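User: I would like to go through this model and ask what stands behind the labels used for it. Please set each value against its definition.

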Amino acid sequence: MHYRLIGVGNTYTFELSGSAPLSVGRAVTNDCAIVDPTISRKHADLKVTPGGVEVIDAGSSNGTYVNGVQIERSLMVAGDEVTFGKVVFKLEQVQPARPAAPPAPAGKPGGATIVRQIPKTGEALAMGHAAGKIGDSLPGADATERDRRRLAMLLEVSKGLTRSADIEALLQKIAEYAFQVLEADRVAIQLTDDFGLLHPKISRDRRGERASSDIPQSIARMAVDDKVAVLSDDAADDQRFQGQSVVLQKVKSAMCVPLIGSENRVLGVLYVDNFSLKRFNESDLDFLIAFSGIAAVAIENGQLAERIRKEALARSNFERFFTPHLAARIASSPDAVKLGGDKRRVAVLFSDIRGFTALSETMNPDTMARLLTEYFTEMVECVFRHGGTLDKFIGDAVMAQWGAPIGEPDDCDRAMQAALDMMEELDRLNARWTAEARPTLQIGIGLNVGDVFAGNIGSDRRLEYTVIGDPVNVSSRLCGAAGPGEILLSETFRNALGAPPPLVPLPPMELKGKSQAMPVFRVQR
């Protein structure tokens, strides 16, 4: 009798046949491995009998249930439901397979095709699925020796793949191992993109030379779409695979296995073929399934490591201008930033040192550089402390903004607090510099808010993220009009504040580029 366990609300499927008990559990060494936290490492045993399938609980933590009733031992028949922990299956009886066709005469292709379902957790279950058969492909050894060589081979593959530094090196290593264990004329790997489309990554022959990157898409698409491993002992005569590339490339025998990562996601395909009279058999397919499971884990880990490296590099670049918190959001969520630029409402702050030109004439370059470094360090910290973005340094001026690339409802309030902190921090710096008999500084600050263009501006050689527009110019003009220790803000900025500090209205100011005088307010400190 032949039965099948079909997952209910999950994608697991297990074939049940033979007289030997089949183990169920979370460990990958089980015959039916189910990766779920509610499943014990060894959860239950299944045994096919003439009357159905006997299920025996193995002292599991979360129990085994047949048709909703917890059991220690029970006989299931077709149509019954069994639940291991919280993972549900339905038992189905499988009709006996039709007798196999007699072997084709020598010298004539059989055109046979084997399509084998890949389990959900391909990297683990494939190894268990292939455990009894991989050794058959190693001639000249008894069962014990075959087992030893089989395990040693898979262990070597696993260790070798984990040592690869990057994706390109990893794919080359996968191809090398495939040639070592299979009599293949060509090995090709294609990886999927975010839309599920296959893209060639590597295609080489046994001599290490670059081979045609075109693999039969009829075979590759079946492997990806149906998540099955495919073996054809004569692809050109196989009615399933009548794609033009199969015929033109004179493929005699081919195998294609999906590379399945976590969450049952297809990462790509591993394809091998040959053009000689040598044809792959089921043992070759079993090994390729196990091999591809290990390769898929290595590829997924490599892709993750590469993504982490890119995010770390992006984050380190972003942290030069953005707060660490904002830099982390941008690096991990690239969709949050429209790199081409867009229109955004931002609060803009300009600060400028008063009388710096005259002061710098009395100082040597090293003293001036040290003073500016200490000053800029504290001013930028004030900006970052309140979630702002350092746009740029312009000589002795600081330009900062709130609202791009990611805005918050209280951008103006945070810009206002940053300006007040900058004044207080400068007071502390001046007190220390006075005690050290060093020059002191005074600054003026201008604040404004409005719609600007935010994006990457520059040339092909150098780009920088910045904001441009009339609100930026107004903020700069206000900064220029501010006296030492003054913070000036526009009426628009004042109206956007949720909790404004004490303000003193000033007479409307004539600002360059404005046809009418603007209402201006000074912060009362």
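Analyst: This is a predicted model.

User: What makes strand 19 and strand 20 a pair?

Analyst: Pairing takes at least two bridges. Five bridges join strand 19 (residues 389-394) to strand 20 (residues 397-402), so the two count as paired. They run antiparallel. One of the bridges has K392 with M399 of strand 20 as its partner.

User: Which residue in the hairpin of strand 19 and strand 20 takes a positive phi?

Analyst: G395 does, with a phi near 65°; the hairpin has two residues between the strands.

User: How do you know that strand 7 pairs with strand 10?

Analyst: The test is again at least two bridges. Strand 7 (residues 64-66) and strand 10 (residues 81-84) are joined by three bridges, so they pass. Their directions are antiparallel, and T64 has F84 in strand 10 as its bridge partner.

User: Why are strand 2 and strand 8 called edge strands?

Analyst: The open sheet has six strands in the order 2-1-11-10-7-8, with antiparallel pairing. Strand 2 (13-17) and strand 8 (69-71) each pair on one side only, and they are the edge strands. From one strand to the next, the twist averages 30°.

User: Why is N62 called partly exposed?

Analyst: Buried means under 20% relative accessible area and exposed means over 50%. N62 has 39% relative accessibility, which lies in between, so N62 counts as partly exposed. N62 is in the loop between strand 6 (52-57) and strand 7.

User: What makes the pair of N62 and T38 a polar contact?

Analyst: The limit is 3.5 Å between N or O atoms. A polar atom of the N62 side chain lies 2.9 Å from the backbone oxygen of T38, so the distance is within that limit. Leaving aside residues up to four places away in sequence, N62 touches P37, T38 and G85.

User: How do you know that the span of helix 10 is close to the expected one?

Analyst: The expected span is 1.5 Å times one less than the number of residues. For helix 10 (residues 411-435), with 25 residues, that gives 36 Å, and the helix reaches 36 Å from its first C-alpha to its last. Just after helix 10, A437 takes a positive phi of about 60°.

User: How many helices and strands does the protein have?

Analyst: The protein has twelve helices and 25 strands. Of its 525 residues, 47% count as buried.

Terms used
Residues numbered from 1 in each chain as written. Predicted model: local features only at pLDDT ≥ 70, side-chain atom pairs only at ≥ 80, totals over all residues. Heavy atoms only, no water. Helix = DSSP H or I, 4+ residues; strand = E, 2+ residues; numbered from the N terminus. Axes fitted to C-alpha atoms, helices over the stretch in contact; angles between N-to-C directions. Buried < 20%, exposed > 50% of the residue type's maximum accessible area, 1.4 Å probe, protein only. Contact = heavy atoms within 4.5 Å. Polar contact = N/O pair within 3.5 Å; in protein donor to acceptor, adjacent residues only side chain to side chain.
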